[in-house]
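Please keep the sequence and the structure in view while reading.

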Amino acid sequence: MEREFVEWLVANLPRSPLLRIGPGDDAAVLAWPPEGDLVATTDAITDQVDFLLEEVDPVRVGRKALGVNLSDLAAMAAEPVAALVSLVLPRRGAGGRSTQELAEAIYRGMLPLAEQHACVIAGGDTNTWDGPLAISVTALGRVGPSGALLRSGARPGDQVLVTGALGGSLLGRHLDVEPRVREALLLRERFELTAGMDVSDGLALDASRLAAASGCGLVIDPAAVPIAPAAHELASRSGRTPLDHALGDGEDFELLATAPAAEAERLLREQPLGIPVTRVGWCIAEPGLWQPAGGDALRPLAPTGYLHADKPPSAT
């Protein structure tokens, strides 16, 4: 449903000269003279869908609510500036906390992350109702001289890179979000990246989206995918392989990027971040998502990942 709805929006929303990049990327880009482009993104998370409030600390929920939006800014190589926060709180409270206590805990989760990334909480809205907790955050950022990093710039011959390690996020990382803002800004400043996004719904699914936006194909080499220890731990109880989790769990919030071959080699050699950057594949002319099949042969790779029409994810 999500993809079809985005396509409907693209076809039906009125055009504006201020809107450089609209629905379909990780965030919108607005012309914002004289300082350059403004990047805007919004994301909502809800109890029973993105977390279970009866089981988790609302401080972690608050961090996640802001973190997923900062991760979208990182995907565009945008520096956070400000955020607007809207809370829809259960009027009888939840998780043994009153409505007031719940709201305060959510902000206690957001504020350290906002301070870490110099992102001002500029306002928002608060309301109550008889339903579950819902949090909507709108984050604003600014881009540097190189402009916003889009999903649509990958070309055949580019190398596919990813930061960190993937999989097993449901064991905790999906709440303790570490948006790769500083990493994205550094990479955008020092290297020639052609396309990028964050890994929010799964490496395979998000790679397929980057390929579609760029009008090319992506080959992911499963043997090269960096697998997080949590993916191995989760595999021991799920019946799936660690690679399955690395490809499809989502909510890793690492960076997925493409770069020309020579530039990718320089980046991999220098390893300029405090976390590893790994080459996981390459771009080809044939559309779709692929994996090596021996020799020069390729076979399709299923774009597994979390779709928002799915039931809530489970760690078991």
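Which side chain meets that of Asp 249 in a salt bridge? The side chain of Arg 240 does so, with 3.5 Å from N to O, where a salt bridge is a side-chain nitrogen of Lys or Arg within 4 Å of a carboxyl oxygen of Asp or Glu. Asp 249 is buried, at a relative accessible area of 13%, whereas Arg 240 is partly exposed at 36%; buried means under 20% relative accessible area, exposed over 50%, and partly exposed in between, using a 1.4 Å probe and protein chains only.

The model is a predicted one, in which local features need pLDDT of at least 70 and side-chain atom pairs count only at pLDDT 80 or more, while totals for chains, interfaces and linings use all residues. Residues are numbered from 1 along each chain as its sequence is written, and side-chain values use heavy atoms, with hydrogens and water left out.

**Salt bridges**

Side chains of opposite charge can pair when their charged atoms come close. In the whole structure, a search finds 20 salt bridges, including these:

| Pair | N to O distance |
|---|---|
| Arg 190 and Glu 270 | 3.0 Å |
| Arg 237 and Glu 233 | 3.4 Å |
| Asp 249 and Arg 240 | 3.5 Å |

Arg 190 in helix α4 (residues 181-190) and Glu 270 in helix α8 (residues 261-270) are 80 residues apart, and their pair links distant parts of the chain; helices here are DSSP runs of H or I with at least four residues, and strands are runs of E with at least two, numbered from the N terminus. Both residues also belong to a network of salt bridges with Glu 263 and Arg 266. By contrast, Arg 237 and Glu 233 lie 4 residues apart in helix α6 (residues 229-238), so about one helical turn separates them.

**The sheet and its helices**

An open sheet of mixed pairing is formed by 6 strands in the order β1-β2-β3-β6-β4-β5, two strands being paired if DSSP finds at least two bridges between them. Because β1 (19-21) and β5 (120-129) stand at the edges with a single partner strand each, one side of each is left without a neighbour in the sheet. Strands β2 (residues 28-32) and β3 (residues 36-46) pair in the antiparallel sense over 5 bridges, and Ala 28 has Ala 40 in β3 as its bridge partner.

Helix α2 (residues 58-75) packs on this sheet and touches β3, β4 (78-90) and β6 (134-143), contact meaning heavy atoms within 4.5 Å.

Technical notes:
Axes fitted to C-alpha atoms, helices over the stretch in contact; angles between N-to-C directions.
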